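Thanks for asking me to take a look at this one. Below are my notes as numbered points, to read with the structure open beside you.

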Amino acid sequence: MQRRYFRLLASAAAFALSAPAAMAQELTIFWAEWDPANYLQELVNEYEAETGVSVTVETTPWADFQTKAFTEFNAKGSAYDMIVGDSQWLGAASEGGHYVDLSDFFKQHNLGEVMAPATVKYYAEYPANSQKYWAIPAEGDAVGWSYRKDWFEDPAEMEAFKAKYGYDLAPPTDWKQLIDIAEFFHRPDQNRYGIAIYTDNSYDGLVMGVENALFSYGAELGNPDTYEVEGIINSDKAVEALEAYRKLYGFTPPGWSKTFFVENNQAITENLAAMSMNYFAFFPALVNPATNPNAANTGFFANPAGPYGDQYAALGGQGISIVSYSSNIEESYKFLEWFIRDDVQKRWAELGGYTAHAKTLESEEFRNATPYNEAFYQTMFKVKDFWAVPEYAELLIAANQRWYPFIVGGEGTAKEALDALAADWTETFKKYGRLK
Amino acid sequence: MTRLEPDTRAAARGLSDLTIRNLFIIPTIVFLIVFNVFPLIYSLWTAFTDYRASTSADANWVGLQNFRELLADPYIWRNFTITAKYVMITVTGQVIVGFGLAMLLNRKIPLKGLITTLLLLPMMLSPAVVGLFWKLLYDPSFGIINYFLGMGKFEWLANPQMALWAVALVDIWMWSPFVMLLSLAGLSAVPKHLYEAAEIDRAGPFYTFFRITLPLVAPILMIAIIFRTMEAFKTFDHAYILSTQPTTELIAIRLYKMAFLEWQTGMSSAFAYIVLIVVVAITNIYVKYLNKAKAR
């Protein structure tokens with residue numbers, strides 16, 4: 001009896017000891033709660049079918065994403081093996097030791113050329129131009145525009161527009177046209193408004209919106225190598241850009257003072273605005289008749305060029321990184337090797353993910369797959385991003401504090417707002433020893 | 001008569017003092033030490049360091065630098081000014097509305113119990129939920145507030161001058177019932193014979209209110225004011241959801257951004273201690289007045 005008891009105990013111990021080995025066949029990827037995360041779960045199910053390694057995409061609402069991720073990092077927790085983190089986190093996560101250095105992996109697989117160059121620069125490399133890589137571009141994204149085709153193609157509207165502005169009504173090719181069209185369709189008495197833009201200053205909404213104007217007007221945030229901002233963020237071009245954004249705010253629907261991606265899609269679905277700014281990742285909902293009654297009449301265009309010919313858009317999207325504290329780092333590398341394969345990237349795009357894979361992006365098949373893929377393709381080769389230094393949140397909050405009162409409240413001038421911001425950012429960069 | 005020893009008395013009731021200590025007192029003390037006392041002491045230490053929770057770098061002792069930087073920051077002073085204005089508006093509003101409702105409910109009215117219960121509902125709701133539905137009520141396009149007031153497309157939250165008042169109105173709506181509840185308790189405790197005596201002396205309603213009602217309810221009203229002031233100073237949820245206007249950035253919102261968006265852990269700990277000192281100072285002033293009111 002006693003011998004049987006010991007045998008049972010030994011079997012139980014053997015089972016318990018074998019458990020960690022079985023657990024190594026499970027990987028967890030952490031991301032924000034949105035449609036692309038569901039597409040990624042579908043994709044990784046195919047990885048499980050192929051390799052037997054189960055991968056779970058764990059999500060949390062966007063509002064919690066950063067806090068939850070960094071809380072886990074700070075605790076050196078191994079809950080997540082990989083994370084699809086925001087591009088701005090690169091500095092904080094790499095300098096904090098939370099991400100595994102993927103530079104060798106990057107070079108070994110020639111990812112600098114395999115992925116669209118802009119996505120490599122902003123999703124993967126930190127510090128800028130250092131050739132040190134911390135993530136693989138996973139979900140490419142940028143700001144684009146949707147518009148009401150039926151309003152634009154209405155013969156009466158076209159005639160009235162031509163009479164007023166002297167050129168044909170069509171998706172704008174520059175910011176002057178964007179402002180003209182917004183002004184033309186702005187008719188509060190008809191409950192119809194010109195444009196929907198980002199104004200939410202609780203995180204990066206407003207800043208990402210303004211960046212579209214700044215970069216296309218030829219302005220820059222600062223010098224990424226020296227961190228000098230004085231005379232750059234408050235240049236004449238930046239002043240013009242901020243004034244243009246403020247002008248656009250005047251053509252938004254009432255109460256448009258805390259708006260981000262949800263409200264901007266609603267502007268199209270609820271017949272509120274003629275044009276709406278949003279990340280491409282939110283456009284699938286606009287071509288779906290179940291979520292947009294105007295789906296058949298919704299068109300898309302890339303962020304227009306500025307008055308000096310520059311054309312850029314604010315970068316969204318994320319790269320996938322291996323968390324340093326994961327107990328499955330080797331298994332995570334194998335997953336990334338699978339993820340960057342041409343056929344997997346093609347499948348990722350088919351499922352609805354926005355691939356950053358250059359070959360897939362350039363293919364006719366991808367560009368014609370949806371009404372917005374062409375605009376996405378055009379945009380992904382001309383994107384720029386916010387600072388990715390560890391203190392990016394302080395820079396972001398300062399920008400919100402300086403820009404919001406001018407854009408939404410009409411307080412002061414664009415020049416004053418930008419001069420003050422240049423002073424704030426200079427002080428922050430000095431505080432962290434980046435600027436002497 | 002036989003006198004029982006304390007232990008024996010507890011044992012007679014079913015639990016010995018030792019068991020009570022082990023079951024209830026020790027776990028409570030341990031819980032308080034782990035979740036209250038330790039974080040308080042730890043955050044006091046981090047307040048004097050440059051610690052950032054987002055990095056694995058060691059915290060360095062910086063002395064009073066965090067406090068100096070905070071007190072020299074014009075944004076922080078603006079946050080304090082906004083919060084002070086918010087506290088004044090909300091607490092005054094809640095005392096007027098809450099006390100007024102209590103005066104009404106102190107009379108004999110039909111369905112008094114049901115009305116009291118319904119009036120208490122706002123304070124039972126989650127502040128985040130309250131923020132979300134008031135955002136809809138304030139909406140300039142389809143919000144019912146503009147519809148009922150005939151204010152067209154008036155922008156309550158997008159208007160920098162109006163936003164703080166709009167957020168304060170929500171707080172008044174939510175927490176006036178709390179003041180009402182305490183005031184009602186105070187009013188029902190006022191001896192009826194005082195009113196009878198005042199009536200015999202032909203005292204007018206104003207005289208009765210200012211000489212009998214208010215002085216006797218004052219101590220409990222002061223307790224309500226202390227609680228509401230402390231809470232208003234810490235307001236976060238509904239203010240954060242309703243508006244992102246710089247004119248509504250209360251200290252709790254700024255503190256949250258500093259601690260969990262900017263990850264300036266040391267600096268935010270120092271900020272939290274400054275807020276704590278301000279709240280304790282204000283509460284002490286109130287308590288002084290409360291004691292005076294009690295003495296009268």
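1. Let me start with the contact between the two chains, bearing in mind that this is a predicted model. Chain A puts 25 residues into the contact, and chain B puts in 21 residues. On the side of chain A that touches chain B, at least two residues come from each of helix H3 (62-74), helix H4 (90-95) and helix H19 (392-407) of chain A.

2. Which helix gives the most to the side of chain A that touches chain B? That is H19(A), with six residues. Sorted by class, the residues on this side of chain A are 11 nonpolar, 10 polar and four charged.

3. Next, a helix pair in chain B. Helix H12 (residues 251-261) and helix H13 (residues 265-295) of chain B have axes that come within 8 Å and cross at roughly 160°. An angle over 145 degrees counts as roughly antiparallel, and H12(B) and H13(B) are therefore roughly antiparallel to each other. The crossing in which H12(B) passes H13(B) is left-handed.

4. The contact of H12(B) with H13(B) has eight nonpolar residues, two polar ones and no charged ones.

5. Staying with chain B, its domain assignment lists domain 1 (17-46) and domain 2 (74-295). Between the C-alpha centres of domain 1 and domain 2 of chain B there are 32 Å.

6. Back in chain A, there is an open sheet of four strands with mixed pairing, in the order E6-E7-E5-E8. Its edge strands are strand E6 (193-196) and strand E8 (298-302) of chain A, each of which pairs on one side only. On average, and ignoring direction, neighbouring strands of this sheet are turned by 20° against each other.

7. How many bridges join E6(A) to strand E7 (residues 273-279) of chain A? There are three, and E6(A) and E7(A) run parallel.

Key. Residues numbered from 1 in each chain as written. Chains lettered and ligands numbered in written order. Predicted model: local features only at pLDDT ≥ 70, side-chain atom pairs only at ≥ 80, totals over all residues. Pairing = 2+ DSSP bridges. Axes fitted to C-alpha atoms, helices over the stretch in contact; angles between N-to-C directions. Parallel < 35°, antiparallel > 145°, perpendicular 65-115°, else oblique. Left-handed = near helix turned anticlockwise from the far one by under 90°. Nonpolar A, V, L, I, M, F, W, Y, C, P; charged D, E, K, R; others polar. Contact = placed C-beta atoms within 7 Å. Domains from an automatic or database assignment.
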